[in-house]
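Thanks, everyone. Let me put the structure up and walk you through it.

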Amino acid sequence: MTALIGAGKWGVWFGGFDAHPATTLRSTAQELERAGWGCLWIPESSGRDAMVTAAILLEATSQLTVATGIAQIQARHPLTTVAAQQTLAEASGGRFLLGLGVSHAPLVTGARSLPYDKPLATMTAYLEAMEQAPYRGPRPAAPSPLVLAALGPRMVELAASHADGAHPYLVTPDHTASAREMLGPGPLLAPEQTVVIDGDARHARDLARRWLSTYLGLPNYARNIVRMGFGESDLSGPSDRLVDALVAHGDVETVAARCRAHLEAGADHVAIQVLADADRTTIPAEAWSALATTLDLDT
């Protein structure tokens, strides 16, 4: 199924582009492409429009797949999303992968001042509207793929029935194994894995803990963490056990082994987020280079 996006097994997930000018986006994407990375994943919050960012990155490269991980459905009408998806895929020769998600209530009701309804029903209705949306522009040579930010069982099932797969975020290899079982053998499964390349466990955990604090306050993530077998006591702090499960840390070989564990659990592709600072704005070029060598991106 990785042939669906032509991105191979390994991708980079980077959420710090909003802190940098467009020239940096272009040069960074070009460096990742030269290093052999197959895919660059970008999120969407209250910074740049994800589709515009994807267009910048795609125009700057010739082989790299660009994926939204994820674009918020509240940010645009289903018809507009279809138009952007088809336009980017056609213009790039099929190098665009659309990832969609329902985001989180505090972000939608706060930054966007929009209502936040039941996630599953909202996403189902949105996908059905996309299926009915007209598009009269030139289409890509092959259908443009769509994945969902799926954490819980019902959203994973929706990713199998109404999309081409799932892009779970902040999960463990055990979650990946469960998601693969629910998806079945066909759909794309591309989990995100955060890593800190630092042999000082105390320093690495401190960085990971500060970064995790934002996510643990969001109900969707907190519920999924409990669903993965952690207790409420793990969420407060959070505990070393939870930090170690969600954020791989150690030398480059150690974090690469965690990334490989997702493949062994059934993932087709792993989007690796290197954490260099708590607000993730630092471009971790050296860490990406070390991982590219360790993972042997050509295999």
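Before the details, one definition: a helix here is a DSSP run of H or I with at least four residues, and the numbering starts at the N terminus. Keep in mind that this is a predicted model.

Now use that definition at the end of helix 13. Just after that helix, Asp296 has a positive phi of about 55 degrees. Helix 13 itself covers residues 285–295. Which of its residues are buried? Ala287, Trp288, Leu291, Ala292, Thr294 and Leu295. In an α-helix there are 3.6 residues a turn, so residues three or four places apart point the same way. What do the buried residues of helix 13 pack against? Two of the partners are helices: helix 1 (22–35) and helix 12 (252–264). The others are strand 1 (10–13), strand 9 (192–197) and strand 11 (270–274).

Step back to the whole chain. The protein chain has 13 helices and eleven strands. A compact globule of 299 residues would have a radius of gyration near 19 Å; this chain has 18 Å, which agrees. The C-alpha trace spans about 55 × 40 × 40 Å along its principal axes. Of the 299 residues, 54% count as buried. Take the contacts with a separation of 6 or more: 74% of them join residues 24 or more positions apart.

The chain exposes about 12500 Å², and carbon and sulfur atoms supply 52% of that. There are 22 positive and 31 negative charges, and their mean positions are 5 Å apart.

Last topic: aromatics. The structure holds seven aromatic pairs. Look at Tyr169 and Tyr215. Their ring centres are 5.4 Å apart and their planes sit at 45 degrees, so this pair is tilted. Tyr169 is in the loop between strand 7 (165–166) and helix 7 (173–183), while Tyr215 is in helix 8 (residues 201–216), so the pair ties together parts 46 residues apart in sequence.

Tyr169 has another partner, Tyr221. Here the ring centres are 5.9 Å apart and the planes are at 45 degrees, so this pair is tilted as well. Tyr221 lies in helix 9 (residues 219–227), 52 residues from Tyr169, and the pair links distant parts of the chain. Tyr221 is buried, like Tyr169. Put together, Trp13, Tyr169, Trp211, Tyr215 and Tyr221 form one aromatic cluster.

Terms used:
Residues are numbered from 1 along each chain as its sequence is written. This is a predicted model: local features need pLDDT of at least 70, side-chain atom pairs count only at pLDDT 80 or more; totals for chains, interfaces and linings use all residues. Side-chain values use heavy atoms; hydrogens and water are left out. The radius of gyration is taken over C-alpha atoms; the globule rule is 2.2 Å times the number of residues to the power 0.38. Buried means under 20% relative accessible area, exposed over 50%, partly exposed in between (1.4 Å probe, protein chains only). Contact means heavy atoms within 4.5 Å. Accessible areas come from the Shrake-Rupley method with a 1.4 Å probe; for residues, only the protein chains shown count as cover. Lys and Arg count as positive and Asp and Glu as negative; His and the chain ends are not counted. The place of a charge is taken as NZ of Lys, CZ of Arg, CG of Asp or CD of Glu. Rings of Phe, Tyr and Trp (its six-membered ring) pair if their centres lie within 6.5 Å; planes under 30 degrees apart count as stacked, over 60 as edge-to-face and the rest as tilted.
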